[in-house]
Amino acid sequence: MSEFQAYLQLGFSHITDPNGYDHILFVIALCAIYAFKEWKKVLVLVTAFTLGHSVTLALATLKMITYSSAFIELLIPITIFITAVSNFSEKSTGEPKSPKLRYVLAACFGLIHGMGFSNYLRSLLGDQDSIVMPLFAFNVGLELGQLVIVAIALAIASLFVDVIRVKRLTWNHLISGIVAGMALSLILGNEVFRTFIGLSVE
């Protein structure tokens, strides 16, 4: 296996790893209001997220920006929660009230997720001199994994909505509620959040 293939596989495995399910939850939240036949709209939305996290993944891995990893670990579930809760404001599915705002939020939240991805990639790179190729390969792997998650999420949605005949709005609320609940659990269990709450109480 070439170095490119190795980092591509690592990127794919990282985003699809059930043990690090926070990024999976975010992609599911993005897809919740759509059906499989609306995959083009989802592709545009996911591309906005991709552009965002590609920028900070590169900048952080190249050590051009610095940040608190602990704080990013709190911000990621917050982005998931906001995205999931915002789905409840949609009265119909497939046609968001403010598509441009949705794309902007996806891109902005992608910036935050990119910093989360960079923690893992930097731990793999160590003191390696040239990181451009590993960075590119890892990012491609992330995108392939992300597309797989999107395809599975939309396929399951189509199964329940088109075959089992669950109302699309009901499906949206069900999935968004589950994702929001899981994100809230991550927020409440985060050490930075718990420290902040403890300080506030005192």
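**Entry 1: α1 and α5**

I began with how helix α1 passes helix α5, and I noted a right-handed crossing. For the term, I wrote down that a crossing is right-handed if the near helix is turned clockwise from the far one by less than a right angle, and left-handed if anticlockwise. This is a predicted model, so I kept to its limits: local features need pLDDT of at least 70, side-chain atom pairs count only at pLDDT 80 or more, and totals for chains, interfaces and linings use all residues. Residues are numbered from 1 along each chain as its sequence is written, and side-chain values use heavy atoms, with hydrogens and water left out.

α1 covers residues 3–16 and α5 covers residues 99–125. I reminded myself that helices are DSSP runs (H or I, at least four residues), numbered from the N terminus. The two axes come within 11 Å and cross at roughly 145 degrees. Here axes are lines fitted to C-alpha atoms, for helices over the stretch in contact, and angles run from 0 to 180 degrees between N-to-C directions.

Which residues of α1 meet α5? I found Tyr 7, Leu 10, His 14 and Ile 15 on the α1 side. Their partners in α5 are Phe 117, Tyr 120, Leu 121, Leu 124 and Leu 125. Contact means heavy atoms within 4.5 Å. Sorted by class, this contact of α1 with α5 has eight nonpolar residues, one polar and no charged ones. The classes: Ala, Val, Leu, Ile, Met, Phe, Trp, Tyr, Cys and Pro count as nonpolar, Asp, Glu, Lys and Arg as charged, and the others, Gly among them, as polar.

**Entry 2: α3 and α6**

Next I looked up α3 and α6, whose axes are 11 Å apart and which pack at an angle of about 150 degrees. They are therefore roughly antiparallel to each other. The cut-offs are under 35 degrees for roughly parallel, over 145 for roughly antiparallel, 65 to 115 for roughly perpendicular, and oblique for the rest. The crossing of α3 and α6 is right-handed.

From α3 the contact includes Trp 39, Val 42, Val 46 and His 53. From α6 it includes Phe 138, Glu 143, Gln 146 and Val 150. The residues of this contact divide into 13 nonpolar, six polar and one charged.

Gln 146 sits in helix α6 and counts as buried, at 1% relative accessibility. The scale I used: buried is under 20% relative accessible area, exposed is over 50%, and partly exposed is in between (1.4 Å probe, protein chains only). Leaving aside neighbours within four places in sequence, Gln 146 is in contact with Ile 15, Val 27, Val 46, Phe 49, Thr 50 and His 53.

Glu 143, also placed in helix α6, is buried with a relative accessible area of 15%.

The largest nonpolar core has 45 residues. Such a core is a set of buried Ala, Val, Leu, Ile, Met, Phe, Trp, Tyr and Cys residues joined through side-chain atoms within 4.5 Å. Which helix gives this core its largest share? It is α6, with 10 residues. Among the members that touch the most others are Cys 31, Leu 121 and Val 150. Not counting residues up to four places away in sequence, Val 150 touches Val 27, Cys 31, Val 42 and Val 46.

Eight of the 10 residues of α2 are buried, so α2 is largely enclosed by the rest of the structure. Its buried residues include His 23, Phe 26 and Cys 31. The buried residues of α2 pack against α1, α3, α4, α5, α6 and α7.

I looked up Lys 63 in the loop between α3 and α4. Lys 63 has a positive phi of about 60 degrees although it is not a glycine. Is Lys 63 buried or exposed? At 64% relative accessibility, Lys 63 counts as exposed.

Arg 165 lies in the loop between α6 and α7. Arg 165 has a positive phi of about 70 degrees, again without being a glycine, and counts as exposed at 64% relative accessibility.

Last, I turned to Trp 171 in helix α7, which counts as buried at 9% relative accessibility. Beyond neighbours within four places in sequence, its contacts include Ala 32, Phe 160 and Val 166. Ala 157 is 14 residues from Trp 171 in sequence and 7.5 Å away in space, C-alpha to C-alpha.

Technical notes. Helices (H or I, at least four residues) and strands (E, at least two) are DSSP runs, numbered from the N terminus.
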